[in-house]
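Visitor: I have a model open and want to learn how to read it. Where should I start?

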Amino acid sequence: MSGHSSYIPKTGIERWLDARLPIIRLAHDSAVSYPVPRNLNYLWTFGGILVFMLVAQIITGVILVMHYTPHATMAFNSVEHIMRDVNYGWLLRYLHSNGASMFFVAVYVHIFRGLYYGSYKAPREVLWILGVVIFLLMMATAFMGYVLPWGQMSFWGATVITNLFSALPVVGETIVTYLWGGYSVDNPTLNRFFSLHYLLPFMIFGVVVLHIWALHVVGQNNPTGVEVKNVQKDTVPFTPYATVKDIFGMVVFMIVFSWFVFYQPNFMGHADNYIQANPASTPAHIVPEWYFLPFYAILRAIPDKLGGVLAMGGAIVVLAFLPWIDTSKVKSMTYRPIARQLFWMFVLVCIGLGYLGAMPADEPYVTISRILTVLYFGFFVALFIVGLFERPKALPTSIADAVLASANGGSAARVATATAAEPNVKG
Amino acid sequence: MAHATDTSTGTTRRDFLMLATGAAGAVGLGAVVVPLISQLAPDAQTVAAGAPVDLDLAPIAEGQAIKIFWRGKPIFVRHRTKKEIDEALAVDVATLRDPQTDQQRTKAGHEPILVVFGNCTHLGCIPLGTAPGEPKGEYDGWFCPCHGSHYDSSGRIRKGPAPLNLPVPPYAFTADTKIRIG
Amino acid sequence: MSRTSFRLALTGLAAGLSLAFFQPAAQAAEGGPKPPALSWSFSGPFGKFDRAQLQRGFKVYKEVCASCHGANLVAFRNLSQPGGPEFTPGQVAALAATYQIKDGPNEQGEMFDRPGRPADRFPSPFPNEQAARAAQGGAYPPDFSVLAKARTYVRGFPMFVVDIFTQYQEQGPDYIHALLTGYKEPPAGFPALLPGQNFNEYMPGHLIAMPKPISDGQVEYPKGPDGKSPVPETVDQYARDVAAFMVWMAEPHLEQRKRLGLQVMAFLVIFAGLLYYTKKKVWSRMPDGSPAH
């Protein structure tokens, strides 16, 4: 998509700057004249929403640090100090804690959208893998952030998750001791998690820049999965078309976000985290934050310690190999009758695993978890096999044709966009 | 609505819509800034901790001075000698950089007691002269070692870079030998 | 054929999941009855505390609970801040002065007691957890500061989804009220209680170290103009009042939060509406001026 630049410096200052640091040209080419497929649906606004969430988390986070004390004996009370005494501290803290959840809501929609429309396929493999890297960094950041209030769930979550590394043969115990900086989760652990929780968002920001760079090299995928053929007919300039649409999507997302922040601020959290960390007593049910639950369920489904850890890691890493696992040449599942059904089953499996992750490790949950874990990985195997024999539906010849067909009441295309909008709800 | 969009009125409506949306966006951004900035102000705990402090003057003997803290700032309380008071009164106020009489800086009937903020008005160091043995400067008051400001026995600036006298904090006598600062 | 297999898979999955979903309800039933959901003045998007209720709740806390339970995050000054019980600053200063606060060290290097000031936090009834346990036969009376947010019960599916929309979040006060009113004789067949154990209908596992803390008429409420308290002086009412007070202690900015929330929501909805029409306008024509469709 990287065509020639359409930026024309107007004033003398702009010309002077452009010859030295063409930063306005860069901004113009990537946020104004950058061509966007004209048939994108609202699922494509989640990229912008994620950038917004990242910036919002960094801003509220930097401010919270101004009032927070990273010490095992003071962290819990300093968070309560923020909630009680700091001007608008309650707002900033609830924005940050609910913001983490909303960040994951948006990222899951974004991932499932990529999955459905085959956004991982050539030439977008690197773009997709960078996305998986961002997802992993997000998980690490969120996990360490949840430790900082030093409540019961913080402490025991940290204990359980760091203990995962002890499953590694030979070096496991040493790694865990080094993670803790002691012989149990304690003040040194809190301090290093605080340090890393501050660092990682900026690393995420860096990878996001790469992610957007890669995107602007290959161009956006679109609901038909048919690449842009004629820039004039198939695309619109980013500004104002995509900007106004993205901002609209963002504001609608903010309404949902605000609902939680102002009316249900503790819905996504766990009551036990309002009890200060107590190394002498473990809460009855250790449950990670909701966004980790599917992976937590996979971890517990495997009766072997190392096996569980590997399965959980594999459940994420397998995503990075999707470009080569999916054998079909057709991107959008709108035109893949069998893969589409597999996709929706996969969505249900993930929701099911999420539910099971919150349940106690008893029967019948363990057995169902095992079945769903097999189905989770089965999806990727099935995707490999189905691509070899599936007969796709007829693809539109171009993006412009697809738009015209849907505008003229071409019911096929309209139905396709309607189903395409659904991950919005389910993801 | 339907036929308002076609002819020239369409442009007006469009412009108005853009304007309203832009204005709403600006209002929203402005509102977001409020909590981000106001969190920088002292929090409720800090404000409450700045409540008035009571001090018993009885243990401070003539010629002695003590340093106490109010709102995190040092405050000098000096029980002045006759000589120091006379020196402070003898000064020709018109010659001072920051003209103030000694009467303006003490409470009537309690002239021996001088209460001033303990940060140099130059750049905020704590001048010497409170503890016994510390240099009191050329005017029997305080001497700031950072940049060489001299204060007299009424806490007024006499020499050096500082522009103003050591300010007198709000305080009142609650009894003969008791003051409340704040 | 693929469609049939899809339906089959869906049915199987649904069956499996519904099995999972209905199980926790059965389990919770074993743990004890769910606390009844009461009507609270502070629930919902327009919720506000009932000042009189918070003041009564504080009286119950001060006269009954505070002998064992601290509230070390709450300062006296909080009692007069907007959105709380809203005692006058004078009342708060007088109240604070009735407490002895440990301060120091003084110039002699000794800790000393002085009358409390509004900026002080509530002194804890025990110097530390070990002292509390020693005095309470091994049990630790939890601090009340955030307890209303730290206590909950399992809502289960589908209620936890419904709660997002109904804004139900009063599990804490509902549980606290239920616990205070839930002291009963153990049912037949319940293992004999050991010393220091009490039966409570709503406590998980039914065994609680705290004996029934309050009984009817124990706390005298302020009288109305007719010489009688406007609310009954019963355990049920005490429990409601102290639970409401605990919610305020745990979430002192609740009123401000909900009020600001309404303003933010109203703004965002209007802004989203404007953006929607702006977006439609922009997308109605292609860059070359041709109609979009």
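Guide: Start with confidence, since this is a predicted model. Chain C has an average pLDDT of 88, and 89% of the residues score at least 70.

Visitor: Over which residues of chain C is the pLDDT under 50?

Guide: Residues 1-6 of chain C stay under 50, and the model gives them six contacts beyond four places in sequence. Residues 16-30 of chain C are also below 50, with 18 contacts beyond near neighbours in sequence. Where pLDDT is low, the predicted coordinates should not be read in detail.

Visitor: What ipTM does the predictor give the complex?

Guide: The ipTM is 0.91, and the pTM is 0.91.

Visitor: Now the fold. How many helices and strands are there in chain C?

Guide: Chain C has nine helices and four strands. Along the sequence they run α-α-α-β-β-α-α-α-α-β-β-α-α. Chain C has 293 residues, of which 42% count as buried. Take the contacts in chain C between residues at least 6 apart: 58% of them join residues at least 24 apart.

Visitor: Next, interfaces. How many residues of chain A are in contact with chain C?

Guide: Count both sides. On chain A it is 57 residues, and they meet 61 residues of chain C. Then take the area. About 5300 Å² is buried between chain A and chain C, and carbon and sulfur atoms give 70% of it.

Visitor: What about charged and polar pairs there?

Guide: Two salt bridges are counted between chain A and chain C. One salt bridge pairs C:R121 with A:D85, with the closest N and O atoms 3.5 Å apart. Across the interface of chain A and chain C, 16 residue pairs are in polar contact, both residues at pLDDT 80 or more.

Visitor: Which elements give two or more residues to the side of chain A that touches chain C?

Guide: In chain A they are α4 (75-84), α5 (89-116), β2 (235-237), α11 (238-263), α15 (337-357), α16 (365-389) and α17 (399-407). α11(A) gives the most, with 17 residues. By class, the side of chain A that touches chain C has 45 nonpolar, six polar and six charged residues.

Visitor: And chain C with chain B?

Guide: Read that contact the same way. It takes 11 residues from chain C and 15 residues from chain B. The two chains bury about 1100 Å² between them, 75% of it on carbon and sulfur atoms. C:R77, C:L274 and C:K281 supply 43% of the area that chain C buries against chain B, more than any other three residues. Between chain C and chain B the count is zero salt bridges. There is one residue pair in polar contact, both at pLDDT 80 or more. The side of chain C that touches chain B divides into seven nonpolar, one polar and three charged residues.

Visitor: Now single residues. Is B:D102 buried or exposed?

Guide: Check its relative accessible area. B:D102 has 3%, so it is buried, the cut-off being under 20%. B:D102 sits in the loop between α3 (82-90) and β4 (113-117) of chain B. Its side chain makes a polar contact of 2.5 Å with the side chain of B:S154. Leaving out residues up to four places away in sequence, B:D102 touches B:R80, B:A88, B:L89, B:S154 and B:R156.

Visitor: Which residues does A:H67 touch?

Guide: Beyond four places in sequence, A:H67 touches A:S78, A:H81, A:I82, A:V86 and B:Q39. Note the last one, in chain B. The side chains of A:H67 and B:Q39 are joined by a polar contact of 2.7 Å. A:H67 lies in the loop between α3 (46-65) and α4 of chain A. A:H67 is buried, at 17% relative accessible area.

Visitor: Last, a helix. Why is α12 of chain A described as largely enclosed?

Guide: Count its buried residues. In α12 (residues 293-301) of chain A, eight of the nine residues are buried, so the helix is largely enclosed by the rest of the structure. The buried residues are A:L293, A:P294, A:F295, A:Y296, A:A297, A:I298, A:L299 and A:A301. Then ask what surrounds them. The buried residues of α12(A) pack against α5, α6 (125-147), α13 (305-320), α15 and α16 of chain A.

Terms used. Residues are numbered from 1 along each chain as its sequence is written. Chains are lettered from A and ligands numbered from 1 in the order in which they are written. Side-chain values use heavy atoms; hydrogens and water are left out. Contact means heavy atoms within 4.5 Å. Buried area is the accessible area (1.4 Å probe) that two parts lose on being put together, summed over both. A salt bridge is a side-chain nitrogen of Lys or Arg within 4 Å of a carboxyl oxygen of Asp or Glu. A polar contact is a pair of N or O atoms within 3.5 Å; within protein, one must be able to donate a hydrogen and the other to accept it, and residues adjacent in sequence count only if both atoms are side-chain atoms. Ala, Val, Leu, Ile, Met, Phe, Trp, Tyr, Cys and Pro count as nonpolar, Asp, Glu, Lys and Arg as charged, and the others, Gly among them, as polar. Buried means under 20% relative accessible area, exposed over 50%, partly exposed in between (1.4 Å probe, protein chains only). pLDDT is the predictor's confidence in each residue, from 0 to 100.
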